[in-house]
Amino acid sequence: MGLCAFYSAGDVVLLGGKTLFDVKIGYQTFGQLNEKRDNAVVIFSYYSGTHERYLPLIGEGKTLDPARWFIVLINKLGNGISTSPSTSVAQPGPSFPPVTLVDNLRVQEKLLFEHLQIDQIALVYGWSMGAMQAWHLAVARPEQVKTLLAVCGSARCWPNNQVFLSGVRAALCCDAQFANGHYQRPPLRGLAAFGRVYAGWAYSAAFFREARWRDLGFSSLEALLVDWERDHQALDANDLLCALDSWYHADVGHLAQGHWQTALARIRARCIVMPCTSDRYFTQEEAALEVAWLKQGELSVIDSPYGHCAGAPARFLRESAQIDSAMAALLRD
């Protein structure tokens, strides 16, 4: 795993009124902040991922070249690196209070603008739930965020997306071993069910119809599904549900008295919003509804059979090239 530093924010009063104790945010930086303090690129972790998943994007000669940019990779609360149900001493497991993306945002702002002393952010970027966090920062700091790249991730969790999340959560919680979060051993059956259900939403109908799982090196559809099961069995169930709750309740409207349209209209950044044509839960139609409220918003659609996964960093060659091209365009401004 990429070397990770930790920022300690102390005890944090959450949006819901409870207090999360001894909050630590894991992050990694590359490059140096320039004299103007305006060359920062901030990238947020996605749902079950960590900062490490973005490492292939960073390097000499790449769009994210540390010789030019000060790159900050941030782990959200609940991802197993930053303070999470699996890592908290004071509030472990089911005693961990619900955290929202606004709660994440408030700690992330302290990390970026107080601890790292960034003045202006050249680009905020993320895929999936990482994009949702990028939206929140762009709303909260319109004077300091210059550009936004949101890949397969919306500014709020729309109802269809919530239905998807409710389904995978139910699959996990049905395992008696889960015991409402008080498990003594990992609820492996529930975690496997979570992963198998999730796989059906992550890709498109064309992906399965055309047996494109072969593109990923799998010998059969069942092999793909078993891989999803095993991948999720390696994760902590309470961590998954903590982050899922943040995703389910995500809405930039929390930053504007409940009005997401007003929140988006506050953004001054130049924005490129990149949904995928076949994404089953972060849909192209809802991305267009959000872009309509931006002062400088461009909808750049990824036409791909890989569904939501089309936006995954450095996973698919053609799709990744399109994302990289958008990132380069924003950083040229």
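Which strand does Gln 28 lie in? I looked it up: Gln 28 belongs to strand E2, residues 19–30. I take helices (H or I, at least four residues) and strands (E, at least two) as DSSP runs, numbered from the N terminus.

**Ground rules**

I am working on a predicted model, where local features need pLDDT of at least 70, side-chain atom pairs count only at pLDDT 80 or more, and totals for chains, interfaces and linings use all residues. Residues are numbered from 1 along each chain as its sequence is written, and side-chain values use heavy atoms, with hydrogens and water left out.

**Gln 28**

I checked its accessibility next. Gln 28 counts as buried because its relative accessibility is 11%. Buried means under 20% relative accessible area, exposed over 50%, and partly exposed in between (1.4 Å probe, protein chains only). The Gln 28 side chain makes a polar contact with the side chain of His 51, at 3.4 Å. A polar contact is a pair of N or O atoms within 3.5 Å; within protein, one must be able to donate a hydrogen and the other to accept it, and residues adjacent in sequence count only if both atoms are side-chain atoms.

**Whole chain**

I find ten helices and eight strands in the chain. The radius of gyration is 19 Å, close to the 20 Å that the globule rule gives for 333 residues, so the chain is as compact as a globular protein of that length. That radius is taken over C-alpha atoms, and the rule is 2.2 Å times the number of residues to the power 0.38. Of the 333 residues, 56% count as buried.

**Largest pocket**

I read its volume as about 390 Å³. Of its 20 lining residues, Tyr 203, Trp 228, Asp 231, Cys 309 and Arg 315 are the closest to the centre. Helix H4 (188–202) and helix H6 (221–233) each give two or more residues to this lining. H6 has the largest share, five residues.

On a 1 Å grid over the protein atoms alone, a pocket is an open set of points with protein on both sides within 12 Å along at least five of seven lines, a cavity is a set where a 1.4 Å probe fits but cannot get out, and lining residues have an atom within 4 Å of a point. Points are joined across faces, edges and corners, and a volume is the space filled by probe spheres set on them.

**Cavity**

How many cavities of 30 Å³ or more does the structure hold? I count one. The largest cavity has about 90 Å³ of space. Its lining has 14 residues, with Gly 153, Ser 154, Pro 275, Thr 283 and Ala 287 nearest the centre.
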